[in-house]
Every structure is written in C-alpha cells, then in structure tokens.
Amino acid sequence: MTRTRNIALSLSVLSLAAGLAAGCGSSDDNGFRGAGSKIDGDPATTLPADLASTKSTVKVRAAGEPLPVQKNVVGVSTDMTKKPVVPKAVGKAPTELQGSEVVTGTGAVARTGDKVTVQYVGQLFANGKEFDTSWKKGRTPFQFTIGGGQVIQGWDQGVPGMKVGGRRTLVIPADLAYGAQGSPPTIPANAPLVFVIDLKKVEKGS
C-alpha cells in the first residue's frame, strides 16, 4: 500500500485513499499509491490527482523533532506477531500531528531518506472505523522512502525516530492526511486519522 499525501501518497499514508496510499508488502500490492491509482477490491487505493500539491496549514515538523504525545487512543495491543487491536479514539482530535510508542523498538532508527518496511492499521478518528490495513490476507508489508513524497505527510513526519521492532500510534490531522478532499468513499473530507504502525525494516538512504 503506498499513499499518504504529499503526504506522500503520490497517505504522503499507507494504502489509504478510497480505493489508501503511504502503506505494506510491496508498494504495488497495498493501499498507499500514486495519485489516481486504484486496485480492484482494495478500498483505499485511490488518491486525488492533485494530492501531491496540497499544502498543509498545520505545523510541519523538522527532521528529528519529537512528536507531541497522543492521548486519544489508549490500550493498543502490544503483541507484534498479530494485527494490533486499536481502540476507538476518545476526546477531541488534536490539530497537530501526535504520536506515542506502544512498543519501543531496539533496532535501527528510521530517518528521513531511509527506505522502511512497515505493517499498519488505519482507522477514522471519529468512529474508529478501519479503512485500510496491510495485515489483510494476501497483502505484504508496505515499503516507502521517508520524505520521498510517496505517502501522506503524517507518515513522512510521524515515522522518523521509530526503531525496528517498534509499534507507534499516530493521530494525524486532516491537513496532514487527505484534507478537504478526503478519499471517498472510505475517508470523508476533513477527517483526522489514526494509524498504528509497526516498523519491520530500515534500509539506510545514501
């Protein structure tokens, strides 16, 4: 799944968009893809054609800048061998990108420019409805290059700093995801999103 807004999705997320895109296995098999791409049977593979040119109105985090801790999604499961159980978010959605470690990894640190392999679950902040996951049968972990505009901005800004073997929850405001366009029919306009991302591998960039 390869899309997350550019946010990279070109999700610049994860197999997000209607069909998402910034997501697992090979970028050809999962949701976060390039603008306008679609795969039959995958509800999140279509991205608005002009997604890559959309400018965010929220803060853009500098490389290495720590994320504010998210407190909206509590109790994500910690068994890294299984698809995470992600409780519905509570409270008001934040207006900035937030994240928290569910499991702190012990391996290589992901940084901008690195190619990473991840597993993920994406759901709507408003009601907890899952719109995309790389854990589906027949899918493989998603690969993308951090900062390469292949996924939504929430991923490009939210994955750096993770360590291999770690699981992180990201709460992403709409402007760092699919914005006012959304990704119909799975992601409404102006929808904040929740992603739980497992970092499986890091290949260092040049």
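Here is a short tour of this predicted model, stop by stop.

Before you click, note that residues are numbered from 1 along each chain as its sequence is written. Local features need pLDDT of at least 70 and side-chain atom pairs count only at pLDDT 80 or more, while totals for chains, interfaces and linings use all residues; side-chain values use heavy atoms, with hydrogens and water left out.

**Whole chain.** Of the 206 residues, 54% are buried (under 20% relative accessible area with a 1.4 Å probe, protein chains only).

Select residues 115-124 (β2) and 130-133 (β3): they run antiparallel, joined by three bridges. Strands count as paired if DSSP finds at least two bridges between them. Now pick Val121, and you'll find Thr133 of β3 opposite. Five residues sit between the strands, and in this hairpin Gly128 has a positive phi near 75°.

**The cores.** Next, select Val118, Phe144, Trp155, Ile172, Leu193, Phe195 and Ile197, which touch the most other members of the largest nonpolar core, a set of 30 residues. Such a core is made of buried Ala, Val, Leu, Ile, Met, Phe, Trp, Tyr and Cys residues joined through side-chain atoms within 4.5 Å. Which strand gives the most to this core? Colour β6 (193-203): β6 supplies five residues, the most.

Notes:
Helix = DSSP H or I, 4+ residues; strand = E, 2+ residues; numbered from the N terminus. Buried < 20%, exposed > 50% of the residue type's maximum accessible area, 1.4 Å probe, protein only.
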